[in-house]
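Hello,

Here is the structure for your files. My notes follow below it.

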Amino acid sequence: MKSFNENDQNLMVATKAFGMGIDKPNIRYTIHINHPSSIESYVQEAGRCGRDKKHAISYVLYDPTEFIEFTIDKINDIRYLMGDEDPTWLERYINKFVLADDIPALCKYNNCTKEQTDKILDIIRKQGFLENIDKDINLWFHNNSFRGLFKEKVILVELTDRIINAKPTLLTEIQAKLRDEAGNEDVCLKIDTRKNAVKIVSEEDNNKQYGYIFLDSLRPTYNYLGFEYSLCSYISNCLIQILQSYEDYSPKTLMRPLEGEDNITEVYIRQWHMLTKTAMQVLLFLGRIMFNKILKVLKLQSKRKFLLYLRNRDGKISMRTDTESWI
């Protein structure tokens, strides 16, 4: 390590944990033998190089080699799809691993014709029997980092909710109690002020409901359930018992923060700022349209001369004439 830090040695082989502790400015490249678990991990690991703000390269090794494991199920499927040309010799290779590039040679060794070999290869590919470890890891990395449009929308909704409701409310406290009581971290509570009710929805998919409770009478309803009735009934009854332990569980009280200023006031302030910003954007847009129309009119009068008033740095005003070229 000392030789590496003092530039006497130009290569360091290290585990991920040890490598993350290296803070050397002039590392020009990193090579990842194992795939990172997420984009954030990759950025951190690749950030070991180029810390002097000069060009650096980060490599991730990838092996495109495909192979097949001849399990008994795969062999039976191949033999069935081959029909009369049943390759019984495949039973000699049960639980063996064979590279995709070696399958033609294996078929030839067992006296298969070219047509039979091509048919076996076609079956293996169409049935998805070929595997690639690095490809599977990459797919896991992609699915772990990019969980789809719906998940991104859920994250945006949660982020927006946290921005608007910056302080924890009584509803947040009740939701935490409900999760502990029901043993379900997926339940999420939403206030419906129009119907004076609380909606119990799935945090993962807000379109799925566990139940709907009217706050004036603590009466549950199960019209649009997204889960089994027994589960929804249990969760709804747990919430009713929790609400009964409070003196006031009106929507206004439930949305009141546990401490600090009223969230509703903060929402109005943020909405006012957003409205003002939107109005300014609309005015700028209309201004651009008017300006473009003025330019079109001026271009139609290209033969006329225009007076340009210019103020120099000394504050003096001068005047010159010019034609359409300045437009």
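Strands β6 (residues 197–202) and β7 run antiparallel, joined by 5 bridges. Strands here are DSSP E runs of at least two residues, helices are H or I runs of at least four, and both are numbered from the N terminus. Two strands pair if DSSP finds at least two bridges between them. This is a predicted model: local features need pLDDT of at least 70, side-chain atom pairs count only at pLDDT 80 or more, and totals for chains, interfaces and linings use all residues. Residues are numbered from 1 along each chain as its sequence is written, and side-chain values use heavy atoms, with hydrogens and water left out.

Lys199 has Tyr212 in β7 as its bridge partner. A hairpin of 6 residues links β6 to β7.

β7 also pairs with strand β8 (residues 219–221), antiparallel, over 3 bridges. There, Phe214 faces Arg219 of β8. The β7–β8 hairpin has 4 residues between the strands, and Leu218 in the turn has a positive phi of about 55 degrees.

Is β7 (residues 209–214) mostly covered or mostly open? Covered: 6 of its 6 residues are buried (under 20% relative accessible area; exposed is over 50%, partly exposed in between; 1.4 Å probe, protein chains only).

Now the cores. A nonpolar core is a set of buried Ala, Val, Leu, Ile, Met, Phe, Trp, Tyr and Cys residues joined through side-chain atoms within 4.5 Å. The largest has 22 residues, and Leu239 is among those with the most contacts inside it. α9 (170–182), β5 (187–192), β6, β7 and α10 (229–244) each supply at least two residues. α10 gives the most, 7.

Best wishes
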